[in-house]
Structure formats: structure tokens, C-alpha cells
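These notes are meant for someone opening this structure for the first time. Please read them with the sequence and the 3D view side by side.

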Amino acid sequence: MSAPAREFQVQVEGLSVAYGDFLVQQDLNFGIRRSDVFIVMGPSGCGKTTVMRSLTGLLPPAAGRVLYGTEDLWTANEAERARLMRRNGVMYQSGALWSSLTLGENVGLPLEQYTDLSPRQIRDIAAYKLALVGLKGFDDFYPSQVSGGMQKRVGVARAMALDPDILYFDEPSAGLDPISARHLDDLILQLRDGLGTTMVVVTHELASLLAIGDDAVFLDAETKTMLATGNPRDLRDHCPDARVRGFLTRGEATPPPDPGAPLQ
Amino acid sequence: MATAAPDQTGPGPAPAAVVPSMRLDTTAAGLATLHLGGTWRVGQSLPEIDDLARNLDAATPTPTALTLDCTGLTDWDSGLVAYLLGVRDLAIQRDLPMDEAGLPDGVRGLLRLANAVPDRSGGKPTAFHGGFLHEVGSEALGLVRSTGEIMEFLGEVALSLRRLIRGQARLRRADLWLAIQEAGAQALPIVSMVSFLVGMILAYVGAQQLAKFGARIFVADLVGLATVIQMGALVTAIVLAGRTGAAYAAHIGTMQVNEEVDALRTLGLSPMDFLVLPRMLALVLMTPLLTVYSDLMGILGGALVGVLVGGLSLTEYLNETQAAIGWNHIIQGLISASFYGAIVAVSGCLRGMQCGRSAAAVGEATTSAVVTAIVFIVIAAAVLTVVFNAMGLS
């Protein structure tokens, strides 16, 4: 890891995550700098989402620390943790919209709970956030009435509702067509540039992560730990680890030992 | 072994089906040859791999190498490839070098592909299957664990109630009203019907027995007391367990599956305050109210039978009922009802919150919510009866 040019907003030290006895990832050490687009990448099933759940306060780690500034997320008491978590916005893989609320209410609920704004003001802010993600006028639809891609965008709008310091995205482009995925990438960059929000993106979508990533960590499924950290484009070209280069070039840098005969 | 591949080396339009065949020859030098012939497609009955294992074990002399001959093969699909994977496993188990040169090229490619990725089964959670004692032990441990979970949940509910009383709990008033409406007003029709019929059944059974003593009028006492003290609350609670408790488990369980509960947590909203508290309050408030209504319907049902079958007049019946029932009886029923309501809400929400992340898990959560609720309602009914007796309420 090079000397930090800017302060780390989130620091992960010796983090191990597990489900019961089943170890998912261990010995993770990396930092996320302010206003970066930080990519958590790795092959399917390597535990990217699980690591994100530990970063966002949903899954207590088996070992190690997650520092927000100087505060340890997991040794803080419940009220402190809730306060730290509220500075994060999270967009879930499936959108995770509250299905019994309209899109407008989904975006408005955090505001309703944590601000003293009037219902009218909340509606206006929710409508503005929906417009930001390209869903102007969809306030009164229910999540089941819009497409999967729209649900994801509402998920982004809701994650942004409280103007968080850090936005987490779990597989933003999964299940989207290339154009929609590209729009979502552009949205992430525009929001970062416009609001200065730090973006943490969990993904294995190469085109996307190479296009938007400033910094990244690569998690490996077999060794159950991180193999590299740094700018994804640098990693692709210069990473000493062949597995990382292979991943970032769709396996072209290091052909697997036995590619299999062409099928007839 | 010649590498003569059959003309047809890939799945294509099926020619006239020929029965798939398997034959094992062993030369005196110990070279075993497996002849595969006919059409190997999954739609047909294919030879079992165990037959080959038996043939290999029975072969004399014991084979030292295995080659494959596919000259008789006319057509194949995954049925053949899966069989060959089994053959390869057998060969590895018996330390037999296997010569695959006789296979069609396509099959060789597919076999290589199937073995290209190392077996990750080590990463799968494995279940240990022990004997009867192990089963009993793990069931017992499961029971202890689930009791612990219920206690933990009750503790969280208590903390959540404390936050509510201090005005720190975050919940939406709209959610509370919606829960009250769903658990209360919308349950009226079904509660009416069930209570009315239970009242009729009690009266009918009672009338027949009491007629033998010429004490028909006491049907009113029987129905009135039974309904007010116990049956009204029980019937209401069981209807609510099936109707509302199941709905809570399914709703919260589905929210778990869709990560909606996680989304609440990351906002710093406690699912206990936000999801469980309104439902719990709604049921604790609505169950006694519904019970009063259920008592009334039960008495009316009894009166109908008393008048039609027992030959009593309506005034007579209602006067007798009024004389029989005291406030102490009504209070017993209402206190029981509050407990039952809390039990239904806690079971429904508990199973919903414990729900795993699949559609099947939602089904299990719903079933479990109803079963838990009914078991605890019956236990509570027994305990409360003893307590009320000790207090001199009855």
C-alpha cells in the first residue's frame, strides 16, 4: 500500500469475517480514502458482500477492526454504532425496497425518521432524489410496479436520502443491460463529483470497475484473503500476482492450465 | 486401441434408438477393455455404474489397465458423459490407468471441462448423520437453543417497550393504525362465525346432558361461563394465530429475504421498534376487544340453540346468562386475551425475524409461527386458570 496521499475515511485492520465456523475472508487490511470510488472485487462467492456487511454494521467480524475516522464500528455501543451507520447509505443487490411503501415513501422514510422536515418538504426532497436517478414522477408507484433496473435506481435514491458520507453499492450492475449498467456507473461518478461522497462498490463487472475505480481491493476465494490493493487499471497492467491480472483481463494474461478442447 | 470415432460424435437428431450396451473384456495380461455401444441418451434406461464396478471386481485376472472402445456407439448425450465420469472415479479408486483415446473427441472435451475446476465440495457445509442417540441429542440441544432465542427475543421486546415508554422508539404511527385495522376490524367476520358456532356447539352438547336432569335452563350458565371465562379468548386467539400471526411471520420473513430488514438496520432503525412493536401493540390492544365481541357472539349462538332445541324463551335464557356471569369472569377472559395476543404477536414476529433467506424458509417460518403460538396459548391457558383460581377470581 503506498503512503496515503489523503486521509483514510474507513480503515480495515486485520478483519476476518465468518458465518459461524465457516471462514469467509481473513486478514484484510485496507483503507478507503475520502471521495474515492473504491472497488471491492473478486470472483463470485469469495465473500465480497459478506465483507461489505461487516463494513456497514450488519455482521460482526470474527476478528479485526473497522475504523470510521478514529472510531471503531464494532466496539462502539449500540447508539454510537447506529449513529455511525446512519452516515452510510447502502444500495442492496436486489434493491431491498420496502415493498409496502411507495417509491416516494421509500426515499422519504429516512428523512421522516431523522429530520424535523414537514411532510411536504419530505415529499419534495424525495421527488428530487428520485429525479436525480432518472425517475421523475414515479413517486406514487409501488416497488412491484416498476422494473428491476428502476428498483435499483430507487435503491440508490434511498441510500442518498440522508446525504451520506459514504455510499455502498452491492453489485450495482448485476442483472442490468449494458446501457443501464453504464448509466448507473455514470450516476455514481456524477454523484461523487457533485457531492464529494465516497463510493464503495462491490462488483465483479470488469468494464464497470475499470472505468470508475480509483482504488480497489481484490479478494480471493481460495486463499480466503486479499491478494492486492490499488488502482484497478494499475493492477491489471502491473500487479505482481498473476491471479489478479488474470481476473482483470478475463483470464487472457494467464491462460488456465487446461483450457479444454473446443466442443464439436 | 484404434482411435476410430463413430460418424456421429455429437448430440443431434436421434436416429433409430439402439439399446445402450456395456461389456467388459479382460485379456490374460490384465488389460480390461470397456466396450460401449448403442444409443446413450438420458431418455433411455442406461446401464448402472455399479454393474461395471461389480464386473471389474469379478474380472480374472485382476485388471491392471483400462481402455475404452466406443466403436459401437451411435449417439450420445450427457448420459454417456456422466457415466464416463463415474468410470473415471472407479478407475482412480482402483489405481487403474485409464486410456481415453477411444472416446469421441467431443466426449473427451466435455470430460476435461467437467474436471477443469477442482472439486469445491470441501467448502460446502456438511451434515453429520449419527445414530438415534445423536438425533435425540441434537433435537434436545435445538430445543434449548430455541428456548434461548425466545428468551432473547422477549428481552429485546422488553427493551423496545422501554424505548417506547420513554418516547425514544422510532415507529410510524401509520404502521400502528394499519396493524390495528388488519388485526382488529378485518378479523371481525371470521371471529363472529367461529364464536357463534362454538357457542352453538357448547349449548347443543350441554342441552342434551342437562335435559336428563330436567335442568335445561342451566344451558345458559354453561355457555355463558365457558365462553366468557375461556372459550371466547381461546377462539379469538387461535383465529388470530392462524390469520394475523401467520401474516406477520410471512411479511417479516419476506422482508428478510429481500434484505428489507437489513435496509432498516443500516439506517439505524431498529427492526424491533419499527416492525415488531406496532404489530405487538396492535394485537395486545385488539385481542381483548375482539374477545368481548366473541363472547357476545358465543352467547347469541348458545341462545339460538337454547331457544330452538332447549325450548327456552329468549328472555329466560338471557336473564339466566346475566345472573350467571360476574365481572370476575369477564376480567379473567380479558386478561387471558391480552396474554394470548402478546403470544401470537411474539411468535409471528420472532419466526419472521429468524427467517432464513429463501422462499422455503418463509413457509417454514409461517408454519412455525402458528404452531408456536398455539402451543404457548394452550400452556398459558392452563397456567392462567391455576393463577386465577389461586387469586380467588373464579
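1. Asp220(A) and Arg243(A) form a salt bridge, with 3.8 Å between the closest N and O atoms. Asp220(A) sits in the loop between E9 and strand E10 (226–230) of chain A, and Arg243(A) in helix H9 (residues 242–248) of chain A, so the bridge ties together parts 23 residues apart in sequence. Asp220(A) counts as buried because its relative accessibility is 8%, below the 20% limit. Arg243(A), at 44%, counts as partly exposed. Please keep in mind that this is a predicted model.

2. A second bridge in chain A joins the side chains of Arg33(A) and Asp215(A), at 3.4 Å from N to O. This pair links distant parts of the chain: Arg33(A) belongs to strand E2 (residues 22–33) and Asp215(A) to strand E9 (residues 215–219), 182 residues apart. Are the two partners buried or exposed? Arg33(A) is buried at 10% relative accessibility, and Asp215(A) is buried at 7%.

3. In chain B, the side chains of Asp25(B) and Arg23(B) meet in a salt bridge of 3.0 Å, N to O. Asp25(B) has 31% relative accessibility and counts as partly exposed. Arg23(B), at 47%, is also classed as partly exposed.

4. How many salt bridges does a search of the whole structure find? Over all chains, the search gives 26. Salt bridges also link Arg53(A), Asp262(B), Arg265(B) and Arg357(B) in a network. As background, side chains of opposite charge can pair when their charged atoms come close.

5. Helix H3 (residues 103–114) of chain A is mostly covered, with ten of its twelve residues buried. Among the buried residues are Leu103(A), Val107(A), Leu109(A), Leu111(A) and Tyr114(A). What covers the buried residues of this helix? The cover includes helix H2 (78–86), H4 and helix H5 (148–159) of chain A, and also helix H8 (260–266) and helix H9 (271–308) of chain B.

6. Lys129(A) lies in helix H4 (residues 119–132) of chain A. Its relative accessibility is 5%, so Lys129(A) counts as buried. Setting aside residues up to four places away in sequence, Lys129(A) touches Val107(A), Ala157(A), Met160(A), Ala161(A) and Asp163(A). Val107(A) is itself one of the buried residues of H3(A). Between Lys129(A) and Pro43(A) there are 33 Å in space, C-alpha to C-alpha, and 86 residues in sequence.

7. Glu78(A), Glu149(B), Glu152(B) and Glu156(B) form a negative surface patch. Which helix gives the most to the negative patch? Helix H4 (residues 132–165) of chain B does, with three residues. One residue of that helix is Glu152(B), which is exposed with a relative accessible area of 53%. In general, residues three or four places apart on an α-helix point the same way, because there are 3.6 residues a turn.

8. Ser160(B) also lies in helix H4 of chain B. In contrast to the exposed Glu152(B), Ser160(B) is buried, with a relative accessible area of 1%. Apart from its neighbours within four places in sequence, Ser160(B) is in contact with Ala169(B), Met272(B), Asp273(B) and Leu277(B).

Key:
Residues are numbered from 1 along each chain as its sequence is written. Chains are lettered from A and ligands numbered from 1 in the order in which they are written. This is a predicted model: local features need pLDDT of at least 70, side-chain atom pairs count only at pLDDT 80 or more; totals for chains, interfaces and linings use all residues. Side-chain values use heavy atoms; hydrogens and water are left out. Helices (H or I, at least four residues) and strands (E, at least two) are DSSP runs, numbered from the N terminus. Buried means under 20% relative accessible area, exposed over 50%, partly exposed in between (1.4 Å probe, protein chains only). Contact means heavy atoms within 4.5 Å. Patches are made of residues with over 30% relative accessible area and no salt bridge: like charges are joined within 9 Å, nonpolar side chains (Val, Leu, Ile, Met, Phe, Trp, Tyr) within 5 Å. Accessible areas come from the Shrake-Rupley method with a 1.4 Å probe; for residues, only the protein chains shown count as cover. A salt bridge is a side-chain nitrogen of Lys or Arg within 4 Å of a carboxyl oxygen of Asp or Glu. Lys and Arg count as positive and Asp and Glu as negative; His and the chain ends are not counted. The place of a charge is taken as NZ of Lys, CZ of Arg, CG of Asp or CD of Glu.
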